[in-house]
Amino acid sequence: MAGYFLLGPQRPVVNLATPFGAVDDGRSVAVVSAGWQDAEADIDDVHEIVKRPLVDLRLYQRAEAVLGSEARLREVYRERQDRLQEQQRLYRLRLRQSMLAARRLLRADGDPAILEPEQRHAISQQRALDRHHLQRISAIHGDADSAIADIRPPTLTEHIAEIADVLSGCVTVIITGGNVAVLLNRLRLFSLGPLLAQKNIIAWSAGAMVLADKVVLFHDNTPQGNRDAEVFDVGLGIVNDFVFLPDVKHRLDLSDKVRTALFCRRFAPATCLTLDSGSLLHYEGGHVAAAHGVRRLSRTGTLRRMRAR
Amino acid sequence: MNPALRKLVRKGAPGAAEVDNFVSNATFPLVDGTDVTFVYRGIGDAVYLRCWIAGLNTAQPLQRLEGTDLWAITIELPEKSRIEYKFEVVNGDQRELVLDPLNDVLAHDPFGANSVCQGYRYKRPVWTEQDDETRAGSLERIEVESKAFRERRDIQVYLPARFRKNRRYPLVVVHDGPDYLRFAALKTVLDNLIHRLEIPQMIVAMTQSPDRLTEYAGNDAHAKYLVNDVVPLMADKYPLIDEPHARGLMGASFGGVAALHAAWLHPGVFGRLLLQSGSFAFSDLGAHQRGPVFDPVVRFMNEFRKNPGLQAEKIYMCCGIYESLIYENRSLVPQLQAQGINIKFEEARDAHNWENWRDRLRNGLSWLFPGPVWMVYE
């Protein structure tokens, strides 16, 4: 049975070696570092830790080649990206207002008999908006996937076959952090979800985020002010019912209990899990087999230790 | 009177030991909300608080606390303010400007150092201080053969950590670059903001003029130097994104004038400007009152106000509200907006100094050159 190991940023604490020791079979290890974009090939640091032959899947580079040579595919891709961007823009307009209302209600004082139903309803409206957004995104992907299936671009088909061949010789795949949108985009282009699900996966930060059923972007401390967490895309759906939050130490304002509580309640029943540097979550057979340094956001806005279950 | 001082003198003049104890246990200046009390200990005929900020007299007398060698003055300072000051101690015919001996917080500039008063709720931003987790970029020195000035000049170049020749980077050219490095912690700020992904990895060219008051004052030769000497050399030596939106020009005080002037004279070269406390003096009628060194600045600004036509896409401007230039800076904003330029203007409770400019770098750089922080999870 494949095991999935999800880690926080590999800086300052490097703990990639710990899960690798548990799955190492002496064979080559595949690496997906498309999130690093044009620095994709800089995997020497990974090699130094795992000390096994690495097979660089070069998804970023392959995508550049495929999209460069397949004009029709490029057109479909561009159209999909335009639609996704517009969808995100419209969602963001609604999100801002609805989050503002929800936060105000959660901060309000008053008769619980009157206030609490309003708070619950505000959160359910937020969930409905997130759900609707995710459905719209899925529909856009569906349209693009159908169009791509119709085109059957030969270069893409060749690369998919080549990647499948390479992966057949590896039992473990490492997925690095980086730009989560680029990473997810490349994984989706080469239809890697089902193939990866059969492997042991060690993934950190953005790599962990894309394994969930939805990808949520967040950062409370951007220089131009607070932004509300956004549902960004459908993930690969390999580790479901979790929202992975890398580097919470730097990205979330945990002193604001209302904000944190709303984050938790908004995405329930999914569990929001922190992945700070040094943390490790082992997921296997549909359960959390072990968790070290991983915390979950609670309904009261505090962090609780995540335990195996 | 400040409560701590009042307590000290409540039973009459305190003894030397009591004063010793008081000065060694308090943090000076004494900040009590928005009341700030400056304290000097020593002998003299008179002591003045000297701070060069608009709105306050440049010399305000401290009052001696009877029976002691302590002198004090309380001023109102709005929260989050930061001001620089010295004491002027008068002994007979002698007047001496000294740093506050009771305050270790100093700010440096090309003319020396000043004591710093950090008002209520002012906090030095953490991203201006070295962070052990941050990967450090590097500095190297290159020489430019300037056709504009017919001489060789040095440029210090900042390269980000993990610089790769096969990637392309935005370029920011900084006037008074070495001063920004020394007095505004520019390298630390760049390292931190890049590490935090708040700005993209970038290359920064730091220039320094041997005669800034002339060359930065709307001087065509200097603009030519930037556009025809510095930028082409940088493009030749480093992998740059060769487009205006990825080319920034930055400066403070007269350096801000130089940046605005070069972008105006050579439209389409620099798409991003970062202008800090620009010395944008102008005259609507009659002569200006700022002295002869401003004559060429005023000529340029008057011309600019008549024919703005600037082609930068985004400009970040900031100015301290405790500096007289706030009026000129404020008046420039609507003019630039009328050109369709995307402007962000910020005012700070600070004056004309390097730490004011340091504290605004994050907002300015990240607005002009937004980093991938929202999308990248390393």
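How many residues of chain B are in contact with chain A, and with how many residues there?

**View 1. The interface of chain B and chain A.** In this predicted model, 18 residues of chain B are in contact (heavy atoms within 4.5 Å) with 34 residues of chain A. About 2,000 Å² is buried between the two chains, 51% of it from carbon and sulfur atoms. That area is the accessible area (1.4 Å probe) that two parts lose on being put together, summed over both. In chain B, B:W374, B:M375 and B:Y377 lose the most area to chain A, together 43% of what that side buries.

**View 2. Salt bridges between chain B and chain A.** The count is 3. A salt bridge is a side-chain nitrogen of Lys or Arg within 4 Å of a carboxyl oxygen of Asp or Glu. B:R164 pairs with A:D42, with the closest N and O atoms 3.1 Å apart.

**View 3. Helix α9 of chain B.** Helices are DSSP runs (H or I, at least four residues) and strands are E runs of at least two, numbered from the N terminus. α9(B) covers residues 326-338. Its buried residues (under 20% relative accessible area, 1.4 Å probe, protein chains only) include B:I326, B:L332 and B:L336. They pack against α7, α8, β17 and β18 of chain B. Just after the helix, B:G340 takes a positive phi of about 85 degrees.

**View 4. A:T172 in strand β4 of chain A.** Strand β4 spans residues 172-175. A:T172 is buried, at 2% relative accessible area. Leaving aside neighbours within four places in sequence, A:T172 is in contact with A:V23, A:V29, A:A30, A:N200 and A:I202.

Residues are numbered from 1 along each chain as its sequence is written, and chains are lettered from A in the order in which they are written. Local features need pLDDT of at least 70, side-chain atom pairs count only at pLDDT 80 or more, and totals for chains, interfaces and linings use all residues, while side-chain values use heavy atoms, without hydrogens and water.

Conventions: Buried means under 20% relative accessible area, exposed over 50%, partly exposed in between (1.4 Å probe, protein chains only). The expected span of a helix is 1.5 Å times one less than its number of residues.
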